[in-house]
Amino acid sequence: MSATRHNWTKEEILEIYNKPFMELLYEAATVHRVNHDPNVVQVSTLLSIKTGGCSEDCGYCPQAARYHTDIEGNDLMSVQQVKAQALRAKSTGSSRVCMGAAWRNVKDGEEFDQVLEMVRTINKLEMEVCCTLGMVTENQAQRLAEAGLYAYNHNLDSSEEYYKEVISTRGYQDRLDTIDNVRKTNVTVCSGGIIGMGENIEDRAGMLVALSTLNPQPESTPINALVAVEGTPLEDQKPVSIWDMVRMVATTRIVMPETQVRLSAGRTQMTREGQAMCFFAGANSIFAGDKLLTTPNPDVNEDMKMFEELGLNPQKPFTKKVQPQTVEAQNSEYQSLGEKPKWTRPDHTIERNEAAKVKAKALK
Ligand code: SF4
């Protein structure tokens, strides 16, 4: 194993990102082989358990209620529906189920209790369970941990500076606070970001500084390429080039050697050859299923064909960490406190987000 550093500077990360391509690829692949089996890639399934109607203004997100997109919202899925989907995912090679709810934050109450039951149910299927539910308090994170949650996803999205250009309804520190609350439990942290939102390379490096200087570093880091959705403020952004994607994956691998680097949104825009380069550069996790929350994703059979071609094997569940135990609701040490996480509301507006909101209103 190569030593994991928690003191990376932006300058050092930029120097890595800007290396000649072949050198960067070679260095990243070398770090990857020392820390991971290069022929194993985790397959995760992302399930949108509650779609649309979110009150936040994330400029990339078609689920924000204020933008005009074609997303059909739905209420929280039932535990049985989720179980059926998890079993289907398991039968097609997924070892992890990630449940996403379009919430600003978790609110104690019936719906959260239902999510806790989903976590218990999937953990009992011997699959890793991840949730992405917005901001959580420490008590809520503890309750998720008790239910058997393996990972909590909360992306930093971009650098602290560029975050302000994309989201105005909460601040960067709010994200870090939730990550901190999760860290107080035995749940692992999944946190990454999106490239192609109009940020510059310094912002990409800035995001990697924020992630790599966390101690411990996140166990999982998704690298998303923006999928520009019509009706959102970022609808006109140009697709990310494969070279940028590989550079970002390789740099993440070098500065976060033990982390599972996840190829997430944007895979439909990538060729198999492009994805193979990402695996070589250190990506060792993908999302399966024809939808990623609301955006398109490659068909699972196509992914399996690619695995066969490349000689890749899906990662078994609990390879990196033992399975958490599930505590039943009646034996829980942590009770509902009726909490709602507090967050800051930075006093700035993002013109393009406002314009998208106005446009959406006019179309209704
Ligand atoms: S990314 Fe999450 S918090 Fe932001 S608008 Fe979409 S669902 Fe809401």
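UniProt positions are given here in the numbering of this model, with shortened feature names, and such annotations may be inferred rather than shown by experiment. This is a predicted model, in which local features need pLDDT of at least 70, side-chain atom pairs count only at pLDDT 80 or more, and totals for chains, interfaces and linings use all residues. Residues are numbered from 1 along each chain as its sequence is written, and side-chain values use heavy atoms, leaving out hydrogens and water.

**View 1. The annotated binding site.** An unreviewed UniProt entry puts the feature "binding site" at Cys 98, Cys 130, Cys 190 and Arg 262. These residues span 165 residues in sequence, yet no two of their C-alpha atoms are more than 13.5 Å apart, so they gather at one spot.

**View 2. Cys 130 in its strand.** Cys 130 sits in strand β3; helices (H or I, at least four residues) and strands (E, at least two) are DSSP runs, numbered from the N terminus. With a relative accessible area of 2%, Cys 130 is buried. Here buried means under 20% relative accessible area, exposed over 50%, and partly exposed in between, using a 1.4 Å probe and protein chains only. Skipping neighbours within four places in sequence, Cys 130 has contacts that include Cys 98, Met 99 and Tyr 152, where contact means heavy atoms within 4.5 Å.

**View 3. Strand β3, covered on both faces.** In a regular strand the side chains alternate between the two faces of the sheet. On one side of β3 you'll find Glu 128, Cys 130 and Thr 132, on the other Val 129 and Cys 131, and all are buried. That makes 5 of the 5 residues of β3 (residues 128–132), so the strand is largely enclosed by the rest of the structure.

**View 4. The strands beside β3.** Strand β2 (residues 96–101) runs parallel to β3, and 5 bridges pair them; two strands pair if DSSP finds at least two bridges between them. Gly 100, for one, has Thr 132 as its bridge partner in β3. Strand β4 (residues 151–153) is also parallel to β3, joined to it by 2 bridges, and there Cys 130 is partnered with Ala 151.

**View 5. Arg 262 and its surroundings.** Arg 262 belongs to strand β8 (residues 260–263) and is buried at 1% relative accessibility. Its side chain makes a polar contact with the side chain of Ser 44 at 2.8 Å. A polar contact is a pair of N or O atoms within 3.5 Å; within protein, one must be able to donate a hydrogen and the other to accept it, and residues adjacent in sequence count only if both atoms are side-chain atoms.
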